[in-house]
Structures are given as C-alpha cells and as structure tokens.
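These are my notebook entries on one protein model.

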Amino acid sequence: MAHTINTDVFLAFSTYATIVILKMMFMAPLTGYFRVTRRAFANPEDTHMGKTPEEKKRMVRVNEDVERVRRCHQNDLENIIPFVVIGLLYALTGPELSTALLLFRLFVGSRFIHTVSYVMALPQPSRGLSWMVGMAVTFCMAYRVLTTALLL
Amino acid sequence: MAHTINTDVFLAFSTYATIVILKMMFMAPLTGYFRVTRRAFANPEDTHMGKTPEEKKRMVRVNEDVERVRRCHQNDLENIIPFVVIGLLYALTGPELSTALLLFRLFVGSRFIHTVSYVMALPQPSRGLSWMVGMAVTFCMAYRVLTTALLL
Amino acid sequence: MAHTINTDVFLAFSTYATIVILKMMFMAPLTGYFRVTRRAFANPEDTHMGKTPEEKKRMVRVNEDVERVRRCHQNDLENIIPFVVIGLLYALTGPELSTALLLFRLFVGSRFIHTVSYVMALPQPSRGLSWMVGMAVTFCMAYRVLTTALLL
C-alpha cells in the first residue's frame, strides 16, 4: 500500500471526523435554544429571565422538546465517538481511499439524517434506518481493524 | 525502546480498544430489546407496535429494566472513552508490551464483568469492584503519560 | 514546519488532554460522594447502607445535588471529548507551539472553572462563559483542521 493513499485516507478521516463532531457540538446551542424558547431549565441559576421568584421556580422544569434534543445529543455521543475512535484506527490500517471515503460519507450523511429525523420527530423508520447505517459503517471499520491489526 | 515493541503495543491497543468499543455499542441494541419487550419507549413515533392510540400513548413511559441498561451504557461512555484516549497516548509512550497487554486485558475484562453485573443486577461489590479495576488501569496509564510526556 | 515543534505540540496535547480527562473522571467519585452523603442511589443493590428493607427502598431516589454533579459530568462528556478528538487532529496540522499551548491552557482552565461554577451553583454567567470559552477553543482548532487538512 502506497504512503500517499494512507495520508489521503487520514486527511479524509480528519475532515469527516471534524465535521461530524461539529454537528454533535451543535446540539448544545440547539438545546439552549429550546430551553430559552420553552422556558424550561435544569438549574435554578439559569432562570434569570424570570421576573418573579415564583416564575423563576416554575422555569426549572422538564420540557418534551428539550428532552428530545437531549436524547438526540446522547445518541450522537453513543454513535459518533465510537465512529471517531474506530475510524482513526481504520485509517491507520491502510484501506483504499475510495472505500474509506464511501464509509466516511455514509456515516456522516446518516448522522445528519438521524438528527433531522430525531429533532423534527419524522415518522419511523427514518430515524431507525439512519441509525442503523451509522452502526453498520462503524462495524465494517471495526471488522477491518480486527482482521488487519489483531494482537490479543 | 525498539520500534517493533512500539508497533506491537499499538496493534494490541487497536485490538482491545476496538473490542471494548464494540461492547459499548452493543448496549444500544440491548436497550432496544428491553424497550420492545417492556413496551417502554422514549418517543411517540416509536410506538407503531401499539394497536390503539391509547395503547400507543401508554407505551411512552419509563421502565426500570430499560433505565438499568441505559445507566450501564452511560457508565461505559464515562469509563471506556477515557480509557481509549489515554490508552492511545499511553501506547505512544513506548511501554513494555507485556505491561501494556496486562493493562489492556485487565480493563477490557473488568468492563465485561461490569456490564454483566449491572445488567443482571448482581449483588455488590461485583459492579463496584469491576468499575474500580477499570478506573485504576486508566489512572496507571495516565500516570505513565504524564511522567513520560509532560509539557505544560 | 520543523519536526521538533510538531513533537512538542503533541507532548503538550498529551499532557493537557490527560489532565482534562482525569478531571472528567473525577466526576464519578464526586457523584459517589454525593450519593452516599445524600443517601440517594440509582440501583437497589447499592443501598446496603440501609438497615431495614423500608430504609433501603427509600434510598433509591433522585437527589438534586447528585443530579447537579451528573449534569456537570454529562457536560464534560459533551465538551471534553470533542476537544480531545479535534485537539489530536489539530496537533497533527503542525501549529505553532505557543498558539497550541494558549488554546490547550484556555480550554483546560475554562473546564476547571466550569466544574467549580456548576458544582457550587455559582451565579451565572460564570458557568455559561466558561462553557463558551471551551467551545470557542474547540471551534478554533476545528477551523484549523478543516482549512489545513480538507479532503472531502
């Protein structure tokens, strides 16, 4: 395997990993947006918008729209971090650039579809299918890592 | 330190990191299994199994078995990801292969025991002890990274 | 770019990444401390402190101090892991050591302030500002990665 291909795979990995991590980080301001518009906060010190002490107390509450974004964020943590870790190891196994690009694009695309499906509560199986595509990509890369670099 | 040893440590790290991340990812289908069998979902759009609108509404609920698996998944995120990050840096400090293998095997073994203890609700201290072994391994590796590669 | 600078940036990254991950791991024993002192556990098998079955049953409950530490831990997961992943890729783009040190120190400092602000419930905007500094550092590094190593 040529050194150039390796470098390119690593550059592609860097690009897609950064994009999908930025997407994950975007869930935090989105949660903040829903917390402010739904007036639903987790901490008493965040309710300075409230005018009276009673109003402030009522603003520490659970809101379904906020919880939905938080579940989406949690699902990102559970799926994107495994992709980044296994993707890094996969990039070091020297795969074909075209295969690597296909896997990285599939994963990142599936996670964008997953986020839109989750936050907009689109009917299933849009969210389920996009989640499965992401899982399948990470499994493919894990298989390659284990068959190429096994040392138990 | 010989280059061969370094490569072997990195191969061993790749193998164990991939195995323990796959174990963590397995918690997602396990959660799904409990959600379906306990008929307890987080989102209204996931309750297509329900026949009537009332049944669907009742299926959006919290179930203790589901929550237990989710707590186990969360504990994995909080422990396995630090292991992977610090383990990668540790592998680059050029440790002895035998020491590295011992630490990696201890960690991965402890997390499998932790998962079984948690999901099957085994009496303590099985879960507590396995959690502590994992923490201790990560601390050992962090100590080595900080004493080998300190640049503040 | 000189190879020495690269190595130093990587050593600096290793040091700060390990410190901030250790800080994140410290949230677990802190949660344990609050669970024991507030007598509020998540699992029935953890309530062996209780003398009678009724007391044990009452100890499986939600406590606001415990939840606060857990929210802080969750926020660490959502911010520190993106920093570590993007920071690793950033360190490989060959930045100036002084710039890299500034970014790493800003991030780690901001996360320590964030934890103190969150756990001690300091009035806003201490927590909000420290969170924003951390996000801004990670965005800066992501920008550098995408402009240096873009391969889509």
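Entry 1: burial. I began with the term I needed: a residue counts as buried when its relative accessible area is under 20%, as exposed when it is over 50%, and as partly exposed in between. I also noted that the model is a predicted one. I then looked up D76(A), and because its relative accessibility is 0%, D76(A) counts as buried. R111(A) likewise has a relative accessible area of 0% and is buried.

Entry 2: I asked which residue forms a salt bridge with D76(A). The partner is R111(A), and the N to O distance is 2.9 Å. I located D76(A) in helix 3 of chain A, residues 64-91, and R111(A) in helix 4, residues 97-119. The two residues stand 35 apart, and I recorded the pair as a link between distant parts of the chain.

Entry 3: I found that the side chains of R71(A) and E64(A) meet in a salt bridge, with 2.9 Å from N to O. Is R71(A) buried or exposed? R71(A) is buried, since its relative accessible area is 18% and the limit for that class is 20%. E64(A), at 42%, is partly exposed. I then turned to chain B, where R71(B) and E64(B) form a salt bridge whose closest N and O atoms are 2.9 Å apart. R71(B) is buried at 18%, and E64(B) is partly exposed at 42%. For the whole model I noted a count of 27 salt bridges over all chains.

Entry 4: the contact of chain C with chain A. I asked how many residues each chain brings to this contact. Chain C brings 29 residues and chain A brings 31. Together the two chains bury about 2400 Å², and 72% of that area lies on carbon and sulfur atoms. On the side of chain C, the residues that lose the most area to chain A are L89(C), L151(C) and L152(C), which together account for 24% of what that side buries.

Entry 5: I recorded three salt bridges between chain C and chain A. One of them joins the side chains of R127(C) and D46(A), at 3.0 Å from N to O. I also noted a network of salt bridges that links E45(A), D46(A), R68(C) and R127(C). I then asked which helix of chain C gives the most residues to the side that touches chain A. The answer is helix 3, with twelve residues. Helix 3 (64-91) and helix 5 (126-148) of chain C each supply at least two residues to that side. By type, the residues of this side divide into 21 nonpolar, three polar and five charged.

Entry 6: symmetry. Finally, I looked up how chain C relates to chain A. A rotation of 120°, with 0.0 Å of shift along its axis, superposes chain C on chain A with an RMSD of 0.0 Å. The copies use different surfaces in the contact, as 14% of the contact residues of chain C recur in chain A.

Note on methods
Residues numbered from 1 in each chain as written. Chains lettered and ligands numbered in written order. Predicted model: local features only at pLDDT ≥ 70, side-chain atom pairs only at ≥ 80, totals over all residues. Heavy atoms only, no water. Contact = heavy atoms within 4.5 Å. Buried area = accessible area lost by both parts, 1.4 Å probe. Salt bridge = Lys/Arg side-chain N within 4 Å of Asp/Glu carboxyl O. Helix = DSSP H or I, 4+ residues; strand = E, 2+ residues; numbered from the N terminus. Nonpolar A, V, L, I, M, F, W, Y, C, P; charged D, E, K, R; others polar. Buried < 20%, exposed > 50% of the residue type's maximum accessible area, 1.4 Å probe, protein only. Least-squares fit on C-alpha atoms with pLDDT ≥ 70 in both.
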